[in-house]
Structures are given as C-alpha cells and as structure tokens.
Amino acid sequence: MSQQLFREVSPEAPELQPILSGLFGEYAQRYGDYFSSKQEVEQTEWYLPPQGLFLVLEQDNEIIAMGAYKPFDSETAEMKRIWTRSDLRRQGLALVVLNELERRARRAGYRKAFLTTGFRQPEAVRLYAGHGYLPLFDLSGDLERYGQPPHDGRLRFTKVINVFSNEKSAEERV
C-alpha cells in the first residue's frame, strides 16, 4: 500500500504547476471569466511560514492534493487552494488536507479559519458545512443566486479551530 505524505512547498515551486493548472482549469470550466475582474493579486510571501503555509499531499512521489493558508487577520487563517486531482476525487483527500491545514494553523497560533468557495462548487460547500464550518450565507435554495448581483459569487465560511489559545496539540503533550 502506498504511503501518503505532506510536504511544505513554495507556491512558486515548479512541481506545483501541473496541479495548479488543473485547479485553475477547473475554475475556468465552471465559471468562465466570472471571477476574472474580481481576482486578487496574490503574493508568495503570504503563503510562507510562519504566518502562511502551502502544502502538497504526495503519494508515490506524485502530488495528489494540495492546500494552503495565509493570514486573514491576526487570529484567523484563510484557507486557500484546497484541491484534489480530478482522478482521485471522492476518497476523502480534501478533508485530509483541510484537517492538516487546520492542525498546522493552530500550531502557528491561529484561533479561527476563514475560507471561500464559489457558488458552482456544491461538493466544496458540503465538505466545509459538514466539517464544522459555519456558512455566512443561506445554504437553502439554489446557490446559483450568489452569482447574481448584489452577490460576488463567493460563499464565505468561518470556523473556530482553537477554542483555548493555550491548548497544546496531542503531539505537543507527549
């Protein structure tokens, strides 16, 4: 059986390009140019420790999933780029990545997590809502309405990831 391992990488690492291309290709397929005028200019340093992180999940030396976080504010990590290779979906890999991001964000001192997904990503909405993320929008009805004015297409979620700021993780207690 193949072992899965996390590895921290720079968001500019050349080996990320195929999986990032897959992510942005999927966004283009789902949304066309919907978000093109609202695109945030990202900076590499946002995703570098100690305040940020970019992770890949590898199996047999191949990147199979990824995720990142960057500071949203002093106590909140913004989860980004959570994505699984399309041929490996529905195996729980996105949740594995999300859990690892939360664990590392807690260790970095964050108490909350914030994230957004798009109105045409119902599987992401189910993942986040099903794992303790509080939607900051109405989950009932057709999510497509969030792609129409006055909405901006982004579905926002938040979660408390560290109730006690002095709490130690299981690995720190040993």
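**From one residue to the fold**

A: Leucine 16 counts as buried, at 0% relative accessibility. Buried means under 20% relative accessible area, exposed over 50%, and partly exposed in between (1.4 Å probe, protein chains only). This is a predicted model: local features need pLDDT of at least 70, side-chain atom pairs count only at pLDDT 80 or more, and totals for chains, interfaces and linings use all residues. Residues are numbered from 1 along each chain as its sequence is written, and side-chain values use heavy atoms, with hydrogens and water left out.

Q: Where is leucine 16 placed, and which residues is it in contact with?
A: Leucine 16 lies in the loop between S1 and H1. Helices (H or I, at least four residues) and strands (E, at least two) are DSSP runs, numbered from the N terminus. Contact means heavy atoms within 4.5 Å. Leaving aside neighbours within four places in sequence, leucine 16 is in contact with Val9, Ser10, Pro11, Phe54, Val56, Ile63 and Met66. Take methionine 66: it sits 50 residues from leucine 16 along the chain, and their C-alpha atoms are separated by 9.0 Å.

Q: What pattern does the chain follow along the sequence?
A: The pattern is β-α-β-β-β-α-β-α-β-β-α. That is four helices and seven strands. Buried residues make up 40% of the 174 residues. Among contacts with a separation of 6 or more, 67% come from residues 24 or more positions apart.

Q: How do I read a sheet, and in what order do the strands stand here?
A: Strands of a sheet pair through backbone hydrogen bonds, either parallel or antiparallel. Two strands count as paired if DSSP finds at least two bridges between them. Here seven strands form an open sheet, in the order S1-S2-S3-S4-S5-S7-S6, with mixed pairing. Strand S1 (4-8) and S6 stand at the edges with a single partner strand each, so one side of each has no neighbour in the sheet.

Q: Which residues stand opposite each other around S2?
A: S1 and strand S2 (residues 53-59) pair in the antiparallel sense over five bridges. Arginine 7 stands opposite valine 56 in S2. On to S3: seven bridges join S2 to strand S3 (residues 62-73), again antiparallel. Valine 56 stands opposite methionine 66 in S3. S2 and S3 form a hairpin with two residues between them, and aspartate 60 in the turn has a positive phi of about 55°.

Q: Why is S2 largely enclosed by the rest of the structure?
A: Six of its seven residues are buried, so S2 is largely enclosed.

Q: How do I read the two faces of a strand, and which side chains of S7 are buried?
A: In a regular strand the side chains alternate between the two faces of the sheet. In strand S7 (residues 154-160), Leu155, Phe157 and Lys159 point to one face and are buried.

Q: Which strands pair with S7?
A: Strand S5 (residues 112-118) pairs with S7 in the antiparallel sense over seven bridges. Alanine 113 has lysine 159 of S7 as its bridge partner. Strand S6 (residues 134-135) runs antiparallel to S7, joined by two bridges. Leucine 134 has threonine 158 of S7 as its bridge partner.

Q: How do I check a helix, and how far apart are the end C-alpha atoms of H2?
A: The expected span is 1.5 Å times one less than the number of residues. Helix H2 (residues 93-107) has 15 residues and should span 21 Å; its end C-alpha atoms are 21 Å apart, which agrees. Its buried residues include Leu93, Val97, Leu98 and Leu101. Just after H2, glycine 109 takes a positive phi of about 100°.

Q: Is threonine 84 in S4 buried or exposed?
A: Threonine 84, in strand S4 (residues 76-84), is buried, with a relative accessible area of 6%. Not counting residues up to four places away in sequence, threonine 84 touches Ile64, Ala65, Arg89, Leu93 and Ala94. Leu93 belongs to the buried residues of H2.
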